[in-house]
Amino acid sequence: MNAQAFAPLAQPNARYSRITGTGSHLPPRRLSNDDMTALLAQRGIETSDAWIVERTGIRARHFAADGVNCSDLALPAARAALEAAGRTADDVDLIIVATSTPDMVFPSTACILQDKLGANGCMAFDMQAVCSGFVYALSVADSMIRGGMARCALVIGSEIFSRILDFNDRTTCVLFGDGAGAVVLEASAEPGILATDMHADGRHVGILCVPGTVSGGQVLGDPLLKMDGQSVFKLAVGVLDSAARAVLERAGRTEADLDWLIPHQANIRIMQSTARKLKLPLSKLVVTVDEHGNTSAASIPLALDTAVRSGRVKRGDTVMLEGVGGGFTWGAVLLDF
Ligand code: UT7
């Protein structure tokens, strides 16, 4: 049992939360666009590297092996983030896993991960906000830390979207991949997270969904991903801009203060449009969609960790994270790293 979970949590000087470590994990099986083209050709479906690159910017994605679950991808990402933060599982008093592809219907993947990490006793739950899941989870962890309910949170996005793809639908199956990213978020006297802005509009449930469910021991409805790509595209471009402006205003900052923009990695055209609207040079846009595809809730922490480990995002940099996806959900987090 983690003794710290029962110690008083209040820290008089800790008015903020701050990311103290990042980690990520990709399953080893990498499929290039040519690999996907060959895979779909076996089903008589045509696609091409040229179409996928031109419309999305994606060149490759990773797929988990059979038998590997969401918590298995989350575990090495979480361990890497803890190591980077100089923390151990015993220090963790909150685990949030953002995922739409959990190990089980219940219990939560966060509880399964907690056991694998050996961080027993702390609070653990999943966040379901699809591709916005990580920014939602980060904003909840920030509130809980600032409210004194937690001191050291593991916030993770982990997904195995390859399990919910329809490989007979070329308009979606070439877009998504598997992976996990994690951050350690700790109570801090210095910011940290400067502002968050989260939204949902349930009128758009149908434009991006997996409509099936489990009932009476059977799968009812279609358990594979459906997306009206153009509707998602149009909504995403508008809401990402408004969320970005909201967090900048809340934090009393301007676009000129931004060192990095790390949006959800779904389509390079959406990401570049967001950067252009903020008048950011494209050199300040972190792009991993080319190598990861769209990993839903994992995409932002995967991109953040990639940028941190490559030496681009440094301590003190001002970073904007932006999520958008099924629900329809969206949100932004502005932070000093
Ligand atoms: O993670 C949540 C957030 N998700 C997103 O942000 C996704 C947002 N949407 C998008 O990224 C884009 O809408 C897509 C990448 C999904 C599609 O790009 P598009 O430029 O909107 O293409 P489209 O749907 O207008 O399709 C254009 C053409 C169609 O052919 P016709 O009707 O013009 O003859 C499609 O059938 O491209 C065809 N097409 C393909 N061709 C080759 C669609 N998928 C493929 C494919 N390979 N994989």
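This is a predicted model: local features need pLDDT of at least 70, side-chain atom pairs count only at pLDDT 80 or more; totals for chains, interfaces and linings use all residues.

Me: What makes domain 1 and domain 2 partners in contact, and how many residues take part?

Reply: Contact requires heavy atoms within 4.5 Å, and by that criterion 55 residues of domain 1 are in contact with 47 residues of domain 2. Between them domain 1 and domain 2 bury about 3800 Å², of which 60% is on carbon and sulfur atoms. On the side of domain 1, Cys131, Val135 and Tyr136 supply 15% of the area buried against domain 2, more than any other three residues.

Me: Why is the pair of Glu291 and Arg30 called a salt bridge?

Reply: The name requires a side-chain nitrogen of Lys or Arg within 4 Å of a carboxyl oxygen of Asp or Glu. The closest N and O atoms of Glu291 and Arg30 are 2.9 Å apart, so the pair qualifies. The count between domain 1 and domain 2 is one salt bridge, whereas 24 residue pairs are in polar contact between these domains, both residues being at pLDDT 80 or more. Among the elements that give two or more residues to the side of domain 1 that touches domain 2 are helix 2 (49-56), helix 5 (133-146) and strand 7 (178-188), while the largest share, ten residues, comes from strand 1. By class, this side of domain 1 has 24 nonpolar, 20 polar and eleven charged residues.

Me: How do you know that Lys116 and Asp72 form a salt bridge, and which parts does the pair tie together?

Reply: Their closest N and O atoms are 2.7 Å apart, which lies within the 4 Å limit, and therefore the name applies. Lys116 lies in helix 4 (residues 109-117) and Asp72 in helix 3, so the pair ties together parts that are 44 residues apart in sequence. A search of the whole structure finds twelve salt bridges.

Me: What makes Phe63 and Phe167 an aromatic pair, and why is the pair called edge-to-face?

Reply: Ring centres must lie within 6.5 Å, and planes over 60 degrees apart count as edge-to-face. Because Phe63 lies in the loop between strand 3 and helix 3, and Phe167 in the loop between strand 6 and helix 6 (170-173), the pair ties together parts that are 104 residues apart in sequence. The count by this rule comes to three aromatic pairs.

Me: Why do Ser100 and Gln128 count as a polar contact?

Reply: The limit for a pair of N or O atoms is 3.5 Å, and the side chains of Ser100 and Gln128 are joined at 3.1 Å, so the pair falls within it. Ser100 is found in the loop between strand 4 (94-98) and helix 4. Leaving aside its neighbours within four places in sequence, Ser100 is in contact with Gln128, Val130, Glu159 and Phe161.

Notes. Residues are numbered from 1 along each chain as its sequence is written. Side-chain values use heavy atoms; hydrogens and water are left out. Buried area is the accessible area (1.4 Å probe) that two parts lose on being put together, summed over both. A polar contact is a pair of N or O atoms within 3.5 Å; within protein, one must be able to donate a hydrogen and the other to accept it, and residues adjacent in sequence count only if both atoms are side-chain atoms. Helices (H or I, at least four residues) and strands (E, at least two) are DSSP runs, numbered from the N terminus. Ala, Val, Leu, Ile, Met, Phe, Trp, Tyr, Cys and Pro count as nonpolar, Asp, Glu, Lys and Arg as charged, and the others, Gly among them, as polar. Rings of Phe, Tyr and Trp (its six-membered ring) pair if their centres lie within 6.5 Å; planes under 30 degrees apart count as stacked, over 60 as edge-to-face and the rest as tilted.
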